[in-house]
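Hi,

Here is the structure I promised to pass on to you. Please have a look at it first, and then read my notes below.

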Amino acid sequence: MSDRTINQQPHTPHQAGPHPAGPAPDRHAPHTHAHGSEPDDFAVQIADSVESFVLAVSEVAKGDEPGSAVSLLLLEVSQLLLAGGRLGAIEDVVPEDRFEPDAGPEPDGEQLRERLAELLAPIDVYHEVFDPYGPPEKPNAFRISDDLAGVVSELQHGLTHYREGRVSEALWWWQFSYLSNWGTTCSAVLRALQSLIAHVRLDSPLGAVPDGADTDDDGLTDEQLEQQAGDLMAAELGLGR
């Protein structure tokens, strides 16, 4: 067992205001579920979205359809962010216990990360400003493969609680981790994926990878990486180059 107030930061209030166009349809009193209670429609919908994302990313990572990898990931990340937005728009989920029950050993996401890295090699590295409202800073380099594997791991933690009937724990974890990590991560990944597709559709060459962006010595020049990335996207979208 872990004390959520120590290991996972205090459960701080996050009160979202009403949607500009009117009350959000999913906004209601804080979620509370007794252990083993039947999940309500909201919990079921969030769990379905989470499980769909985990399964879809795992399937994409197998590399059976490399020509559609970027497009599929764009769709899946977009769908997950919709679920995350719903979690962020409701009042705080109130878990039943002060201590988070042990969810067992965390799944090893290294194999998933490696498969994604191999599949997305020419376009894996992207740049993002971590906090758009923070102090001015230079963009940092990230990897789509690292980010997606990390998000899957976080979501699976909540799925373990959900499948064992701890609905409030699952919702609390998904809401907390959305606000603290995977919401920001998925937003950055979505922007990178959308940018890739826009570059190809608008016939705008991808910029060369800046010095120091790719920490792996893959033996390719920036120009070669740029060409590979463009060829990959063109092939995926059925466009001639």
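With that, ring pairs link Trp172, Trp173 and Phe176 into a cluster.

A word on the ground rules. This is a predicted model, in which local features need pLDDT of at least 70 and side-chain atom pairs count only at pLDDT 80 or more, while totals for chains, interfaces and linings use all residues. Residues are numbered from 1 along each chain as its sequence is written, and side-chain values use heavy atoms, with hydrogens and water left out.

Now the overall picture. The protein chain has seven helices and four strands (DSSP runs numbered from the N terminus: helices are H or I with at least four residues, strands are E with at least two). Along the sequence they follow the pattern β-α-α-α-β-α-β-β-α-α-α. Of the 241 residues, 41% count as buried, meaning under 20% relative accessible area, with exposed over 50% and partly exposed in between (1.4 Å probe, protein chains only).

Helix 5 (residues 144–163) deserves a look. Its 20 residues should span 28 Å at 1.5 Å a residue, and the end C-alpha atoms are 28 Å apart, which agrees; the expected span is 1.5 Å times one less than the number of residues. Since 14 of the 20 residues of helix 5 are buried, this helix is largely enclosed by the rest of the structure. Glycine 165 follows helix 5, with a positive phi near 90°.

Back to the rings: a search of the whole structure finds six aromatic pairs. In one of them, the centres of tyrosine 162 and tryptophan 174 are 6.1 Å apart and the planes are at 40°, so the pair is tilted. This pair links distant parts of the chain, with tyrosine 162 in helix 5 and tryptophan 174 in helix 6 (residues 167–201), 12 residues apart. Both tyrosine 162 and tryptophan 174 are buried.

Tryptophan 172 and phenylalanine 176 form a stacked pair, 5.2 Å centre to centre with 5° between the planes. They are four residues apart in helix 6, and therefore separated by about one helical turn. Tryptophan 172 counts as buried at 0% relative accessibility, and phenylalanine 176 counts as buried at 17%.

Best wishes

Key:
Rings of Phe, Tyr and Trp (its six-membered ring) pair if their centres lie within 6.5 Å; planes under 30 degrees apart count as stacked, over 60 as edge-to-face and the rest as tilted.
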